[in-house]
Amino acid sequence: LPTRQQTLRNTVDWSYGLLNGAEQTLFRRLSVFSGGCTLEAVEAVCDTKGDLGLDVLDGMASLVDKSLAQQVEQADKETRFVILSTIREYALERLAESNDESVVRRAHAAYYLVLAEEGAEDIAAQPEWLDRFEVEHDNFRAAIEYLIKTGDAEWGMRLGTALFRFWETREHLTQGRDAIARLLALEGSATRPKLRARLTFAGAVLAA
C-alpha cells in the first residue's frame, strides 16, 4: 500500500488496540452497518444474544471518544452513529477473522426485515416512513445482498415485498427490479407461491 494508506491503517490498528475486549467486539460487529445506524439498531444487531459484556451506549460513547465512530445529531430525529469507510473496511476485516460474522449479518438482516415490514404497513398513513427508509437505504441493500448470497428465499422475498412501495415512490426503479429478479431466481422461491405472486406483481409495476 502507499505510505499514506499504511500510516492510516497503523493509526486505526493502534486505536483498535486501545479498546478492551468487549469494545473490540462491538467495533467489529458495527461494520455490518452501511450508511450508519441508530442506537436501537446497534443494540438489536450487536448484542442479539446479550453476550457483548458491555452496555451498548457506553461502548458507542467509547468508540466516539476514540474517533472510531462519529455521532450525528439529526433535527427532530434519532441520533445516528457513522463509521468512516476506511475504518469500516478495517472493522470488516476483523469481523471476518472472528467467529461472529454469519450470526451478526443474519441479525442485521433480521432487524431490517422487521423494520421494513413495520414501515410497509404504515407508509401510506405516515409518509415520514419514506424518509426513514431513505436514510436506511444502504442497510436495506446490504440485507438483501446477504439474503441473496445465503439463498434465504423467504426472508429475501419478504424484504423485497416490504420495500416495493419505497422503491416505486422514490424511483429506485432499476435497483428494485434487479433485486426482485435475483430474489425470484433463488432456489426455494417457488415453494412460497403467495410471496412469489406479490413480488412478481411488484416487479411488474416497477418494470411498467
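**Salt bridges and enclosed spaces in a predicted model**

Within helix α8, Asp-138 and Arg-141 stand three residues apart, about one turn of the helix (helices are DSSP runs of H or I with at least four residues, strands are runs of E with at least two, and both are numbered from the N terminus). The two residues form a salt bridge in which the closest N and O atoms are 3.2 Å apart; a salt bridge is defined as a side-chain nitrogen of Lys or Arg within 4 Å of a carboxyl oxygen of Asp or Glu. Asp-138 is partly exposed, with a relative accessible area of 33%, and Arg-141 is also partly exposed, at 37% (buried means under 20% relative accessible area, exposed over 50%, and partly exposed in between, with a 1.4 Å probe and protein chains only).

The model is predicted: local features need pLDDT of at least 70, side-chain atom pairs count only at pLDDT 80 or more, and totals for chains, interfaces and linings use all residues. Residues are numbered from 1 along each chain as its sequence is written, and side-chain values use heavy atoms, with hydrogens and water left out.

Across the whole structure, 17 salt bridges are found. One of them links Arg-94 to Glu-97, with 3.1 Å between the closest N and O atoms. Both residues belong to helix α5 (residues 85–97) and are three residues apart. Arg-94 is buried, at 16% relative accessibility, whereas Glu-97 is exposed, at 57%. In helix α9 (residues 153–169), Arg-165 and Glu-168 are separated by about one helical turn, and their side chains meet in a salt bridge of 2.6 Å, N to O. Arg-165 is partly exposed at 39%, as is Glu-168 at 29%. Salt bridges that share partners also join Arg-28, Arg-29, Asp-51 and Asp-100 into one network.

One cavity of 30 Å³ or more is counted. On a 1 Å grid over the protein atoms alone, a cavity is a set of points where a 1.4 Å probe fits but cannot get out, a pocket is an open set with protein on both sides within 12 Å along at least five of seven lines, and lining residues have an atom within 4 Å of a point. The largest cavity holds about 40 Å³ of space, a volume being the space filled by probe spheres set on the points. Its lining consists of Val-32, Arg-105, His-108, Ala-142 and Tyr-146. Helices α6 (101–122) and α8 (137–149) each give two or more residues to this lining.

The second largest pocket contains about 170 Å³ of space. Among its lining residues are Thr-38, Gln-74, Asp-131 and Glu-136, and helix α7 (residues 128–135) gives the most, with three residues.
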